[in-house]
Amino acid sequence: MSDFPQDIYTEPSGYSLDTLACLGPLRRMAGIWTGRRGLDVKPKADGPRKQAYVERLELQPIDPVTNGPQLLYGLRYHTHITKPEQVKTYHEQVGYWLWEPATGGVIHTLTIPRGQVAMAAGQASAEADHFELHATQGLDTWGICSSPFLDHAFKTTAFRIRVDFHDDGSWSYEEDTVLQIRGRDEPFHHVDRNHLERVAEATPNPLVRVKAG
């Protein structure tokens, strides 16, 4: 994703407006999903603690995006997580999954209401059965930015997410958020994983809906 053209202004032409048809490996993630086997390994004062969780994840296609000559297709997502049998939100997250067909680049952006944003990236083929993305604190690109308190007490130094697609149409993920916790010498690996099953199909992106109407 760093072999850039000299002309940084001219936009591509003749590309498909149908995002769902052009998402590469992300096509299998489009839709609305539930996961009831979530496991969170989180830090506590007395040591790591395991927490089961239930997840609802919605990923809907957006219209194609251009940055000058760069062309991206993507999914806007919202994740809502609770503890089993509870209503109170345990975790919430919004962002985008993006695919760059020209380079095979996959980008994952995330924002959480604790005062933190991150952008992870990696490479995959359009037919990939799995892929892995990374972000590192302190970099100008593919980085992590936190509020002053989180940077002081629970500094996120790295983030990794692996996605695996399964033959039955479901998919799963594992995240490893590496924390440098104040008062501890060793980094803490805050791990989350879940297995997701589709409960509804995605809605076509706005441009396609207009043309169909």
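Start by selecting the lining of the largest pocket and colouring by residue class: you get 22 nonpolar, 8 polar and 8 charged residues. Here Ala, Val, Leu, Ile, Met, Phe, Trp, Tyr, Cys and Pro count as nonpolar, Asp, Glu, Lys and Arg as charged, and the others, Gly among them, as polar. Bear in mind that this is a predicted model, where local features need pLDDT of at least 70 and side-chain atom pairs count only at pLDDT 80 or more, while totals for chains, interfaces and linings use all residues. Residues are numbered from 1 along each chain as its sequence is written, and side-chain values use heavy atoms, with hydrogens and water left out.

Next, pick His91, Ile112, Arg114, His190 and Asp192, which lie nearest the pocket's centre among its 38 lining residues. A pocket is an open set of points on a 1 Å grid over the protein atoms alone, where a 1.4 Å probe fits, with protein on both sides within 12 Å along at least five of seven lines; lining residues have an atom within 4 Å of a point. The space inside comes to about 940 Å³, taken as the volume filled by probe spheres set on the points, which are joined across faces, edges and corners.

Now show strand β11 (residues 171-181), which gives the largest share of that lining, 6 residues. Strands are DSSP runs (E, at least two residues), numbered from the N terminus.

Stay on strand β11 and select Glu174: its partner is Arg193 in strand β12 (residues 188-200), 19 residues apart. The two form a salt bridge with the closest N and O atoms 3.0 Å apart; the term means a side-chain nitrogen of Lys or Arg within 4 Å of a carboxyl oxygen of Asp or Glu. Glu174 is partly exposed at 28% relative accessible area, and Arg193 is partly exposed too, at 33%. The cut-offs are under 20% for buried, over 50% for exposed and in between for partly exposed (1.4 Å probe, protein chains only).

Glu132 sits in strand β8 (residues 130-136) and Arg160 in strand β10 (residues 154-165), 28 residues apart. Buried or exposed, which is Arg160? Arg160 is buried, at 18%. With Glu132, Arg160, Glu174 and Arg193 all on screen, you have one network of salt bridges that share partners.

Last stop: Arg49 and Asp46, a salt bridge at 3.8 Å between the closest N and O atoms. Asp46 is exposed at 65%, whereas Arg49 is partly exposed at 39%.

Definitions and conventions: Helix = DSSP H or I, 4+ residues; strand = E, 2+ residues; numbered from the N terminus.
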